[in-house]
Amino acid sequence: MSHRLTPPVQRPPDPQVSIIICTRDRPKKLLACLASIVESIRCAQVRAEIVLIENGSRSGLRFSDSEIWAVAGDLCRLTRLAQGSLSEARNIGIGHARGGILVFVDDDCLLARDYLQDMQRHAQEMQAQGVSHYLIGGRVRLGDPADLPFTIKDEEHVQTFDTSIHPGGFIQGCNFFLPRQTAARIGWFDQRFGAGARFRAGEDTDYLIRAHGAGVFIRYVPDMAVLHCHGRRTFAEVDRLNRNYAFANGAILAKHMFRHPWLVKHLAWTLRSALLERLGGPGFDVAVGLSWAPVVRAQLRGALAFLGYVLRPGRMAQ
């Protein structure tokens, strides 16, 4: 009696790159973002996956599985959350990702066609230089001329992070990558920070500070570009977001000021800038019309809120 041998099932190789996107209430922008990612994957000819976390989108602002399939096919792996902060969604994305390189992109960004080619080149340069732990962020350009020029970084030259540079916005949270082992060294995103969390924003700034403290090489590069279609067109929208950033920055200062005392000098520079503005100097963002005074007030509120949170009796007992 003969027996037919069943060939072993071969597991497809893990992706080289995992592109993590957290999305909420932006179905049209998300689908455009996915289309740009798919095109960049094809251009780079890299084994990649898209790890998509839908973070509690409201009724009428959700996308269907079929819409995702039509754009990204089996490249995309989708997880839906009932509700959660941006940091929580980012952490779930990291936990689900299988690639050796983790790329973070926001749902309102469009990748340049050669984005992943640029990313591969920078990763290869780090490897050639013997740098094991690194975090690299790319260019963030304004995606719609009708939007105000905010939450962008369009510098033309390479920049390497050191403590003389304010960490806020040095690497934009909507455009950076790092090796999986570097993410493991830094740890999870602090779920007290970020949109939808207790301290409203700043999860990327907190992550960068912790990366620096862990000995991670941090660099901004002027290629690896995305177009940021953020949709904020009024001063009130930008002012509200900027106050949230400042509130988070104050909380981050309170969290890190003893372990990273170099942050205190950035607070001193902020106070100095606010004083100079009162004496006729420039505002916080001349192009948009933002002032230093609300930034200072929001930072102080954020610092006090963080200290009140960590020092309250219930938490001290824990």
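The model is predicted, so local features need pLDDT of at least 70 and side-chain atom pairs count only at pLDDT 80 or more, while totals for chains, interfaces and linings use all residues. Residues are numbered from 1 along each chain as its sequence is written, and side-chain values use heavy atoms, with hydrogens and water left out.

**Overall build**

- For 318 residues, a compact globule would come out with a radius of gyration near 20 Å, and the chain has 21 Å, which agrees. That radius is taken over C-alpha atoms, and the globule rule is 2.2 Å times the number of residues to the power 0.38.
- Along the principal axes, the C-alpha atoms fill a box of roughly 95 × 50 × 45 Å.
- Of the 318 residues, 49% are buried. Buried here means under 20% relative accessible area, exposed means over 50%, and partly exposed is in between (1.4 Å probe, protein chains only).
- Take the contacts (heavy atoms within 4.5 Å) between residues at least 6 apart in sequence: 80% of them join residues at least 24 apart.

**The sheet**

- Eight strands make an open sheet with mixed pairing, in the order β3-β2-β1-β4-β9-β6-β10-β8. Two strands pair if DSSP finds at least two bridges between them.
- The edges belong to β3 (76-81) and β8 (159-160); each has a single partner strand, so one side of each has no neighbour in the sheet.
- Over on the β10 side, β6 (residues 134-137) and β10 (residues 217-220) run parallel and share four bridges. Ile136 sits opposite Arg219 of β10.

**Strand β4**

- Five of the five residues of β4 are buried, so the strand is largely enclosed by the rest of the structure.
- Side chains in a regular strand alternate between the two faces of the sheet. In β4, Ile101, Val103 and Val105 point one way, Leu102 and Phe104 point the other way, and all are buried.
- β4 pairs with β1 in the parallel sense through four bridges, and with β9 in the antiparallel sense through five.
- Val103 features in both pairings: it is the bridge partner of Ile19 and stands opposite Phe177 in β9.

**Helices on the sheet**

- Helix α1 (residues 27-44) lies across β1 (17-23), β2 (48-55) and β4 (101-105), at about 170° to β1. Axes are lines fitted to C-alpha atoms, for helices over the stretch in contact, and angles run from 0 to 180 degrees between N-to-C directions.
- Helix α6 (residues 203-213) also packs on the sheet, where it touches β6, β9 (175-179) and β10, and its direction makes about 135° with that of β10.

**Two loop residues with positive phi**

- Most residues other than glycine have a negative phi.
- Arg200, in the loop between α5 (180-186) and α6, has a positive phi near 75°. Its relative accessibility is 41%, so Arg200 counts as partly exposed.
- Met224, in the loop between β10 and β11 (226-228), has a positive phi near 45°. At 0% relative accessibility, Met224 counts as buried.
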